[in-house]
Structures are given as structure tokens and as C-alpha cells.
Amino acid sequence: MGMSASFPGCQSLSAVRVKRSTNRIVPEQEQAAPWTTSVFGVSLEDCNQKDGDSIPLVIKDLVEYLYMFGLKHKGLFRISGSVHKVKILKAKYDRGEKVNLDHEGDIDTVASLIKLFLKDLPVGVIPEYTHAGFIGAYNAHRHDTDECNKQLKKLIERLPIAHSNILRYLCTFLIKVASYSEINSMTLENMSIVFGPSFFRIPFSENIHNKQMLCNSILLHILCNYEKISKSEIGSRVRFTLPMFSVF
């Protein structure tokens, strides 16, 4: 499905070990669909190469559905979808089958699939090796919005292109969702709490909670200042837009 309209930014803010046996137990991960068709649990680079697109087509499919039907859905991304439906649709996408979300999906299930796709990525949207740079820039300049925007912009532009692309694509969408916060109760702050752990995967440690809260704040800053951060982007980077559908 295609995407084609832009909108402004925010103004306010295993292996499995078993005993030897004549019958080998195969881990579920090994039974997954071949990498040539799988989209969940595959790197962004491999997804893009397979799809021939700058954004994984499954993400475009799911976002377009929510753009059409979910913007006014109360608690979007906070209410879990049907586990059974999520499992079925995930399997269909991984088999490379055509999925008709209009007939097979629902808002909460589609929202859950987006979160599952991000959770299953081998490397997070903002790779762990870049976290120190983001945290350092934010801590040093959080009280100087313009300078903070400038430094975060540089860091986003230095991300692997598949990661910077999906980051900017999803930020654009999340800002649109938050523009309906009076109806769906999903403010940008709520978005940063829901998606912070998906964008920034914090390794387990004694202060994991504090680090995650800090990274959620960084995502919130990016969302609230996205229009300024995204200005004058490097020419080789694609500028992303969303569909111009009427919202029910």
C-alpha cells in the first residue's frame, strides 16, 4: 500500500537445550518461515532489500490501516489485541501471503503487530551502540532546546539508513496519532512511554528503569521537536509522508 501526504510536527511538546534423545526437539525459532519470506525477527536492512522499499512493507500496511481506522480509537497502542489473531496474521506475513486487514484485522490487533515487529527486530530502531551518544547529547543540552535538536538531528542522520528511515517514518505517524489525543487519550508523552522500550532497548542492569525513563524522555523530545529536527535533512535520506485518507 502506498503513502502520500505529510503533516506537521508537534507544537507542544536460542537455542533450546534438551537431553539426548532419538527424537530431536527443534526450537520454535528454527521452525520459522525461511528468511526469504519472513518479515518478523528479520533485520531492517534485510526487510528493505527483500521488499525493495525504504520502509518494511508490513509496517506500511499496518500503519496505513491505523491511519484509516485507528486515529480516534481510545487507548490505541495501550490495549492489547487478540493473541490468537496476532499469531495468525504474523504467520501469514511471514509466509509471504497477502493479508487483507480490512477483513482479517482489527485496530488493537494491528497496533499489537506493529509493537511485535519492533520488539522482534534483531537490532532496535535506535541501536544500542548509539545510546551513549543520544543520552550524552540530551543530558548536555536538554535545557537548550535548539542545541539539543541540533545534536539529536546529527545522531539520527548518522544511524544506519534503514534505522533512521523507520525512526522518522514512525515519528511522523505517532505525532499524527497524538494530534487526536483528546479522543484517543494517546498524548506524545504516552507515545514515548509505549514506544520508548521499542526504540531504545536497554540492556538489563541495576538501573535499567532509570535508563529507560531517560530514553523515553529523549524520544519525547524528538517527537515534540520533530518538525525542527527533521528540517534540512541529508539529501540522500528519504522524506516520509502518510496517506491522505479521511478519518472516521
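**Entry 1: a serine in helix 5**

I began with S112, which is found in helix 5; helices here are DSSP runs of H or I with at least four residues, strands are runs of E with at least two, and both are numbered from the N terminus. I noted that this is a predicted model, in which local features need pLDDT of at least 70, side-chain atom pairs count only at pLDDT 80 or more, and totals for chains, interfaces and linings use all residues. Residues are numbered from 1 along each chain as its sequence is written, and side-chain values use heavy atoms, with hydrogens and water left out.

Is S112 buried or exposed? I found that S112 counts as buried, at 13% relative accessibility, where buried means under 20% relative accessible area, exposed means over 50%, and partly exposed lies in between, with a 1.4 Å probe and protein chains only. I then looked up the contacts of S112, leaving aside neighbours within four places in sequence, and they are I79, S80, G81 and V86; contact means heavy atoms within 4.5 Å. For one of these residues, S80, I also looked up the separation from S112, which is 32 residues in sequence and 6.1 Å in space, C-alpha to C-alpha.

**Entry 2: the whole protein**

I looked up the overall make-up and found 12 helices and zero strands in the protein. Of the 248 residues, 49% are buried. The protein exposes about 13200 Å², of which carbon and sulfur atoms supply 53%; accessible areas come from the Shrake-Rupley method with a 1.4 Å probe, and for residues only the protein chains shown count as cover.

**Entry 3: helix 6**

Which residues of helix 6 are buried? In this helix, residues 131-141, I found H131, F134, I135, A137 and Y138 to be buried. Seen down the axis of helix 6, these buried residues fall within an arc of 165°, so they line one face of the helix; the arc is that of the directions from the helix axis to the C-beta atoms. The face turned away from the buried side of helix 6 carries the exposed residues A132 and A140. Among the elements that cover its buried residues are helix 7 (145-158) and helix 11 (208-224).

In helix 11 I looked up Q212, which is buried with a relative accessible area of 14% and touches G196, P197, F200 and I202, not counting residues up to four places away in sequence.

The largest nonpolar core has 70 residues, and those with the most contacts inside it are F77 and F199; such a core is a set of buried Ala, Val, Leu, Ile, Met, Phe, Trp, Tyr and Cys residues joined through side-chain atoms within 4.5 Å. Its largest share, 11 residues, comes from helix 8 (residues 161-178). With residues up to four places away in sequence not counted, F199 touches, among others, L118, L167, C171 and L219.

**Entry 4: cysteines**

How many disulfides does the whole structure hold? My search found zero disulfides, a disulfide being a pair of cysteine sulfur atoms within 2.5 Å.
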